Amino acid sequence: MSLGLERRPSQNPFPAFWQPSSAPCAGFALLKKSYLASRLPVKVYREQPTTPRRGSVETVGRRWWRRLKLSDGWHLSMNRKSQTATRAEAEMGDGLHSRTTALELEPGAPSDVDLMRGIQAQDPEALSQLYDRYNGILKAFILRVIHNDAEADDLLQEVFMEIWRQAKNFSAKKGKPLGWMVTLARRRAIDALRKKKAYMRAEERLQIETERQPNAWVHNATEEQIRSDDTRLLMSRAINSLPEAQQQAVELAFFQGMSQREIAANTNIPLGTVKTRLELGLKKIYDALKGLKDEL
Amino acid sequence: MNFEEFQNCSRLYVIGALEPEELEQFEAARKKFGTKAEDFISECYALHEAFALSLRPAKSSAALKERLMSMVRKRQQP
């Protein structure tokens, strides 16, 4: 049962024990910031139906409430929307338009769109900030395609040069900066992969990759690391929930840039089956993404 | 091609997995469905972002950013 302290717009309801020195776990700072910044429901209470592990942040139930055990029997419970809304507001500065932001931004930090506008105006500092924000994600993406660290660095540099040169072609009306950047990165990486020519047959590559990095899409981070990014967690779960055959088809099409016919030839699977698997797999991922947006 | 079939094709289209013969049909349907089709294709591009966000960020070399920024500043010089 909630014992009050529900958020009121005009008050800061943090009890005295919620000072930084008493932060009980790694997720505390984010929760506190979300609580202060969001206009969505957060409760502090002394009782709850089940007891989470002390100091842990847990996702609870279908409504995505998170709860955090504090001290002296106090708990915080927060709607998922509270946390993600805060991230989105920090990202865009104008509400919930950026719903799959990859990073938590400092308050007052320029949004991705602001940075793209800066790059369009030929401001190197804007590119520098965009690089700091997304080089890790883009490099991971490129590595996923070409599996070579040095080549990935070279391609990453090319991608950011292309962002600098092609920024004028970006339109916020057509999509978000990260989606646009990933599209550029993917095209570059797949082109590089095709140029190599000497790469192994796709099936062997996939097998080796699976042995080296089992379930690489979704298990290449510890659970704790994944948990720190809600979007990554949800997307990983969506991809991981696909049947293996669909995962393989999507993997070969998306990360290896293969056509349906190439996938069929490389895996000895009938073309019609490949098409069905791809359609189903992509639809499920798309629906999960849409569900995430609706949730927010 | 009805709109549901068009949606299935759109998801393949944005990742470049449509075969040439399908591409022709897809473009015809794209014209037929007009703005509705363009809006849906734009939404499908979010798939790219979703795949990227499912990966754990990787570290790149410290020198890389310096090299990049140096190239950018050189390009800016008249």
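Reply:

**Aromatic rings and their contacts**

The charged end of Lys36(B) sits over the ring of Phe3(B), at 4.2 Å from its centre; this label requires NZ of Lys or CZ of Arg within 6 Å of the ring centre and within 35 degrees of the ring normal. This is a predicted model, in which local features need pLDDT of at least 70 and side-chain atom pairs pLDDT 80 or more, while totals for chains, interfaces and linings use all residues. Residues are numbered from 1 along each chain as its sequence is written, chains are lettered from A and ligands numbered from 1 in the order written, and side-chain values use heavy atoms, without hydrogens and water.

Over all chains there are 14 aromatic pairs, that is, rings of Phe, Tyr and Trp (its six-membered ring) with centres within 6.5 Å, called stacked under 30 degrees between planes, edge-to-face over 60 and tilted for the rest. Phe254(A) and Phe51(B) form a tilted pair, 4.0 Å centre to centre with 35 degrees between the planes. This pair crosses between chains, from helix 11 (residues 244–255) of chain A to helix 3 (residues 46–53) of chain B; helices are DSSP runs of H or I with at least four residues. Phe254(A) is buried at a relative accessible area of 0%, and Phe51(B) is likewise buried at 0%, where buried means under 20% (1.4 Å probe, protein chains only).

Phe3(B) and Phe6(B) are stacked, 5.7 Å centre to centre and 25 degrees between the planes. Both Phe3(B) and Phe6(B) are buried.

Notes:
Helices (H or I, at least four residues) and strands (E, at least two) are DSSP runs, numbered from the N terminus. Buried means under 20% relative accessible area, exposed over 50%, partly exposed in between (1.4 Å probe, protein chains only).
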